[in-house]
Amino acid sequence: MVYSETVIGAKGKIMNTTLKTNLSKVPEVTLAFWIIKIAATTLGETGGDAVSMSMNLGYLVGTAIFAAVFLIAVIAQIRAEKFYPFLYWTTIIATTTVGTTLADFADRSLGIGYAGGSSLLFCLLLASLAVWHRTLGTVSATAISSPKAEVFYWVTIMFSQTLGTALGDWTASTAGLGYVGGAFVFSGLLALTVAGYFWTKISRTLLFWIAFILTRPLGATLGDFLDKPLASGGLALSRYSASAVLLVFMIACILIFKQRAGKQH
């Protein structure tokens, strides 16, 4: 962001100086951040399934629709001059919905299975982080203040959201834990990550990305638990109703918990 400032120079001379400042375009990571993130990932599951399954559009068409929304949201986010909560969380929802349909397409339509899809997406996620680190020297979420950093940030998030969907489906189905069992597993792993944050010196950047990834399969299992048939271990709720309730909850949280841009380190 560029702005001008009038300063008093030598011998009292007035000068107009152009200054530059980099403002963070992502929110400060607080408890409210994680609550909204879990709600967004759950909404991504119910919303993605509503379009691909309830509307009978299929995974490929659903992916194309949400990918277009994702691109528009990311471009708007990059062009924004500062942090806007609703724009940021709209982009997060876009990544999680496209992650849902993309993972389902890879796992089911391409026939590579949950394990194959998870492995492929894990490699893509690691590659994204590696290229990001090699290019900018950091993958910290507190250093998102340039267009290049934002591109890496959102590409990495999209891979993490897609990986999370595949992991959630693999845990609930292939591993046989069911949706509730899968939710407990990922909740436990998140609890361990929180413990690592408070009681160890493990890299905060590493812990952030671990937590960010884990919230997605937690949301996937919770979303499936809400809308899957009773015979499959779900509550058989309407995907449209569940998505609407989750969206209202997110909006309420954004309005109640005033978020601010993360501090640059």
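The model is predicted.

- H1 has 24 residues. From first C-alpha to last it reaches 33 Å, close to the 34 Å expected at 1.5 Å a residue.
- Of those 24 residues, 19 are buried, so H1 is largely enclosed by the rest of the structure.
- H5 has 28 residues. Its span from first C-alpha to last is 40 Å, close to the expected 40 Å.
- H5 is mostly covered, with 20 of its 28 residues buried.

**Nonpolar core**
- In general, nonpolar side chains of soluble globular proteins tend to be buried together.
- The largest nonpolar core here holds 49 residues. Tyr88, Tyr153 and Trp209 touch the most other members.
- Eight helices each supply at least two residues of this core: H1 (31–54), H2, H3 (85–109), H4 (113–136), H5 (147–174), H6 (178–199), H7 (204–227) and H8 (239–256).
- H5 gives the largest share of the core, nine residues.
- Which residues does tyrosine 153 touch, not counting residues up to four places away in sequence? They are Val26, Tyr88, Trp132, Ala141, Ile144 and Trp209.

- Aspartate 169 lies in helix H5.
- Its relative accessible area is 2%, under the 20% cut-off, so aspartate 169 counts as buried.
- Leaving aside neighbours within four places in sequence, aspartate 169 is in contact with Glu45, Asp104, Arg108, Tyr114, Thr174 and Asp224.
- One of these contacts, Glu45, has a salt bridge with arginine 216. Another, Asp224, belongs to a network of salt bridges with Asp49 and Lys228.

**Salt bridges**
- Side chains of opposite charge can pair when their charged atoms come close.
- The count comes to six salt bridges.
- Lysine 25 and glutamate 150 meet through their side chains, 2.9 Å from N to O. This pair links distant parts of the chain, 125 residues apart. Lysine 25 sits in the loop between strand S2 (14–20) and H1, and glutamate 150 in helix H5.
- Are lysine 25 and glutamate 150 buried or exposed? Both lysine 25 and glutamate 150 are buried.
- Glutamate 28 forms a salt bridge with arginine 260, with the closest N and O atoms 2.7 Å apart. The two are 232 residues apart, and the pair links distant parts of the chain. Glutamate 28 is in the loop between S2 and H1, while arginine 260 is in the segment after H8.
- Glutamate 28 is partly exposed, at 24% relative accessible area. Arginine 260 is exposed because its relative accessible area is 52%, over the 50% cut-off.
- Arginine 216 and glutamate 45 meet in a salt bridge at 3.1 Å, N to O. The pair joins helix H7, which holds arginine 216, to helix H1, which holds glutamate 45, across 171 residues.
- Arginine 216 is buried, with 0% relative accessible area. Glutamate 45 is buried too, at 1%.

- Phenylalanine 86 is found in helix H3. At 41% relative accessibility, phenylalanine 86 counts as partly exposed.
- Beyond residues up to four places away in sequence, phenylalanine 86 touches Ile251, Ile254 and Leu255.
- How many residues separate phenylalanine 86 and isoleucine 254 in sequence? The answer is 168, while their C-alpha atoms are 7.5 Å apart in space.

**Nonpolar surface patch**
- Met55, Leu57, Val61, Ile65, Val69 and Tyr240 make a nonpolar surface patch of about 500 Å².
- Helix H2 (residues 58–79) gives the largest share of the patch, three residues.
- Isoleucine 65 is found in H2. Its relative accessibility is 37%, between the 20% and 50% cut-offs, so isoleucine 65 counts as partly exposed.

Conventions: Residues numbered from 1 in each chain as written. Predicted model: local features only at pLDDT ≥ 70, side-chain atom pairs only at ≥ 80, totals over all residues. Heavy atoms only, no water. Patch = residues over 30% accessible without salt bridge, like charges linked within 9 Å, V, L, I, M, F, W, Y side chains within 5 Å. Areas by Shrake-Rupley, 256 points an atom, 1.4 Å probe, with all protein chains shown as cover. Salt bridge = Lys/Arg side-chain N within 4 Å of Asp/Glu carboxyl O. Helix = DSSP H or I, 4+ residues; strand = E, 2+ residues; numbered from the N terminus. Buried < 20%, exposed > 50% of the residue type's maximum accessible area, 1.4 Å probe, protein only. Core = buried A, V, L, I, M, F, W, Y, C linked by side-chain atoms within 4.5 Å. Contact = heavy atoms within 4.5 Å. Expected span 1.5 Å × (residues − 1).
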